[in-house]
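Student: Hey, can we go through this protein together? I'd like to just ask things as they come to me.

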Amino acid sequence: MSKSTLIVNSDFTEKFKETVSRFKRDAVLIGIPESDAPRKDDEVDGINNAALLAINHFGSPKQNIPPRQPLTIGIRNAQDDIAETMKNTAIAALKIGPRALEVGYARAGFIASSAVKKAINDQDGILPPSAATLKARKYLTKAGFKGTKALLVTGQMRNAITFVVRSVWGK
C-alpha cells in the first residue's frame, strides 16, 4: 500500500477564511438593475424596465394585472444547472481561493438570466395577455403591435434582464 504525500508550499488559512466568508455573504441577483432600467422609447408615467418587470412578476390587482413570475419560472427551470455551477464554484474556490468565485458567480448569473429570458420567449408557464390587453396593443403602441405574447411588446424589458453580484449579508 502506497502512501500519498501532500506538499504544502504556503498557508492557505486566510484565503480559506475569505473564501468561506464571501461564499456565505455574496448573492447572485437576477433582474434589472436600476442603472439598466431606462427604456429607449418615452417612458409611460415614469415606468421603466425594472418597474415593468416588478409589476408583471408580482402582478397589480388594482390594474387587473395577474402575476406572471418570469423570474421564478426561469430560475426554477434552470435550478439544476445553477446548483451544479455553484457546487463547482465552491470546489474551485476552496482549491484556488476567492478569485474563483467571480467566475462561478458570473456563470450562474448568466445561466439564470438566460433561463428567465427563455421562459419569457417560450411563454413557459406564463399567463397569456387578456383580450383587453391585446386590443389595447393595437391602438396604444406606435407601430400598432399585434403580438400575442405576454411580457413582450418591444423586447426592451426582457433584454434588460441580467445579473449582479452583491454582498448582501454584511461583513
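Student: Where does N56 sit?
Tutor: N56 is in helix α2. Keep in mind that we're looking at a predicted model.

Student: Is N56 buried or exposed?
Tutor: N56 counts as buried, because its relative accessibility is 15% and the cut-off for buried is under 20%.

Student: What does the side chain of N56 have close to a polar atom?
Tutor: The backbone oxygen of L52 lies 2.8 Å from a polar atom of the N56 side chain.

Student: OK, and H57, where's that one?
Tutor: H57 is in helix α2 too. With a relative accessible area of 6%, H57 is buried. A polar atom of the H57 side chain lies 3.5 Å from the backbone nitrogen of L71.

Student: Let's zoom out. How many helices and strands does the protein have?
Tutor: Seven helices and two strands. Going along the sequence, the pattern reads α-β-α-α-α-α-α-α-β.

Student: How confident is the prediction, on average?
Tutor: The mean pLDDT is 83, and 80% of the residues reach 70 or more.

Student: Where is confidence lowest, and where is it highest?
Tutor: Helix α1, residues 13-25, has the lowest, with a mean of 77. Helix α3, residues 70-77, has the highest, at 96.

Student: New topic: what share of the residues is buried?
Tutor: Buried residues make up 33% of the 171 in the protein.

Student: Which residues touch the most other members of the largest nonpolar core?
Tutor: I32, I120 and I161 do, in a core of 21 residues. Helices α2, α3, α5 and α7 each supply at least two residues of this core. The largest share, six residues, comes from α5.

Student: Which residues make up the nonpolar patch on the surface, then?
Tutor: F16, V20 and L94 form that patch, with about 230 Å² of accessible area together. L94 belongs to helix α4, residues 79-96. L94 counts as partly exposed, because its relative accessibility is 42%.

Student: What about S21, which helix is that in?
Tutor: S21 lies in helix α1. Its relative accessible area is 30%, so S21 is partly exposed.

Student: How far is S21 from P98?
Tutor: Their C-alpha atoms are separated by 9.5 Å. Along the chain, S21 and P98 are 77 residues apart.

Student: Switching to charges: how many salt bridges are there?
Tutor: A search of the whole structure finds three.

Student: What does R25 pair with?
Tutor: R25 forms a salt bridge with D26, and the closest N and O atoms are 3.9 Å apart. R25 is partly exposed at 21% relative accessible area, while D26 is buried at 11%.

Student: And E84, what's its partner?
Tutor: K87 is the partner, with the closest N and O atoms 3.6 Å apart. E84 and K87 both lie in helix α4, three residues apart, which is about one turn of the helix. Both count as partly exposed: E84 has 39% relative accessibility and K87 has 46%.

Student: Which side chain does D122 meet?
Tutor: D122 meets K118 in a salt bridge, 2.4 Å from N to O. D122 and K118 both sit in helix α5, four residues apart, again about one turn.

Student: Are those two buried or exposed?
Tutor: K118 is exposed, with a relative accessible area of 52%. D122 counts as partly exposed, because its value is 47% and exposed means over 50%.

Terms used
Residues numbered from 1 in each chain as written. Heavy atoms only, no water. pLDDT = per-residue confidence, 0-100. Patch = residues over 30% accessible without salt bridge, like charges linked within 9 Å, V, L, I, M, F, W, Y side chains within 5 Å. Areas by Shrake-Rupley, 256 points an atom, 1.4 Å probe, with all protein chains shown as cover. Salt bridge = Lys/Arg side-chain N within 4 Å of Asp/Glu carboxyl O. Buried < 20%, exposed > 50% of the residue type's maximum accessible area, 1.4 Å probe, protein only. Core = buried A, V, L, I, M, F, W, Y, C linked by side-chain atoms within 4.5 Å. Polar contact = N/O pair within 3.5 Å; in protein donor to acceptor, adjacent residues only side chain to side chain.
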